[in-house]
Amino acid sequence: SLDSVKRKCAINLRCGLFSYTKIPHEFDVILGVTGTLDSLGPYENEILRNEYKISTRTITPSIYGAYKLKYRAGDNVKILFTKGSHRQEIVNSIMEARESDRAILVFFDSVKEMGEFQTSEEGKAITDMHTVDETCANVGGEVVAATKSRAVTLFPRVFGRGLDFICSEPSMKEGVHVIQAFPAESKSEEIQIQGRTARQGDKGSYEM
């Protein structure tokens, strides 16, 4: 109805930009929590030490107990030599996970590669596929929708950290399945993307 349209109609305005990397400089004390502290490379450690003056580190076990991620590098890392075979392997993995009524998150190197997969002949075999990028106005809502049974959601790599994908559907006993469709630049990035599943004691699986 017209009234419904009027209630939903809106214009999103960007009123400014800020940098997360500059915010810590406004504070005298910094307390950070990360799941990749013991996998940071020399460059990242140098930034923490020299740029942010972080000198004390403590590693503690998870309060959720044993990590229930299903992943073995020998079985779940595959190297494909053509774009077609790469895309087909992603499609095969999505379909296999969907047969078990699981939610699937696929992370790509860039928005461009994500779009190319979606419009490719191989990608067209996947129905009801959703994409999320930096222009998305409701990332929180997309994250919730992405963990529904049989949902397939594509993300660029920038969304591979910081988002909390919680599996709440009882029918998804094996949890969310994550596919990383590009080689990580660092071990910490790989761990962050793995960490989008098997969260807070839930089961989950990952492949690259």
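In helix α4, the residues R87, I90, V91, S93, I94, A97 and R98 are buried. Buried means under 20% relative accessible area, exposed means over 50%, and partly exposed lies in between (1.4 Å probe, protein chains only). Seen down the axis of α4, the buried residues fall within an arc of 160 degrees, so they line one face of the helix. That arc is taken from the directions between the helix axis and the C-beta atoms. An α-helix has 3.6 residues a turn, so residues three or four places apart point the same way. The face of α4 turned away from its buried side carries the exposed residues E96 and E99.

This is a predicted model, where local features need pLDDT of at least 70 and side-chain atom pairs count only at pLDDT 80 or more, while totals for chains, interfaces and linings use all residues. Residues are numbered from 1 along each chain as its sequence is written, and side-chain values use heavy atoms, with hydrogens and water left out.

**Helix α4 and its cover**

Helices (H or I, at least four residues) and strands (E, at least two) are DSSP runs, numbered from the N terminus. Helix α4 covers residues 83-99, which is 17 residues. At 1.5 Å a residue it should span 24 Å, and its end C-alpha atoms are 25 Å apart, which agrees. The expected span is 1.5 Å times one less than the number of residues. Just after α4, D101 takes a positive phi of about 60 degrees.

What covers the buried residues of α4? The cover includes β2 (104-108), α5 (111-119), β4 (152-156), β5 (176-180) and β6 (204-207). Contact here means heavy atoms within 4.5 Å. The helix lies across β2, β4, β5 and β6. Its direction runs at about 160 degrees to β2. Axes are lines fitted to C-alpha atoms, for helices over the stretch in contact, and angles run from 0 to 180 degrees between N-to-C directions.

**The sheet**

The sheet is open and has 6 strands, in the order β1-β6-β5-β2-β4-β3, with parallel pairing. At its edges stand β1 (69-70) and β3 (129-131), each with a single partner strand, so one side of each is left without a neighbour in the sheet. Two strands pair if DSSP finds at least two bridges between them. Strands of a sheet pair through backbone hydrogen bonds, either parallel or antiparallel.

| Strand pair | Sense | Bridges |
|---|---|---|
| β3 and β4 | parallel | 3 bridges |
| β2 and β5 | parallel | 4 bridges |
| β5 and β6 | parallel | 4 bridges |

Some partners can be named. T131 stands opposite L154 in β4. F107 has Q180 in β5 as its bridge partner. V178 stands opposite Y206 in β6.

Strand β5 is mostly covered, with 5 of its 5 residues buried. Both of its faces are covered. V176, V178 and Q180 are buried on one side, and H177 and I179 on the other. In a regular strand the side chains alternate between the two faces of the sheet.

**Loop residues with positive phi**

D128 sits in the loop between α5 and β3. Its phi is near 55 degrees, a positive value in a residue other than glycine. D128 is exposed, with a relative accessible area of 61%.

A198 lies in the loop between α7 (187-194) and β6. It has a positive phi of about 55 degrees, although it is not a glycine. Is A198 buried or exposed? At 9% relative accessibility, A198 counts as buried.

**E113**

E113 lies in helix α5. It is partly exposed, with a relative accessible area of 33%. The C-alpha atoms of E113 and R7 are separated by 36 Å, and the two residues are 106 residues apart along the chain.

**Overall figures**

The protein has 7 helices and 6 strands. From the N terminus on, they run α-α-β-α-α-β-α-β-α-β-β-α-β. The C-alpha trace spans about 55 × 50 × 35 Å along its principal axes. Buried residues make up 32% of the 208 residues. Among contacts with a separation of 6 or more, residues 24 or more positions apart account for 72%. The protein exposes about 13,800 Å², and carbon and sulfur atoms supply 54% of it. Accessible areas come from the Shrake-Rupley method with a 1.4 Å probe; for residues, only the protein chains shown count as cover.
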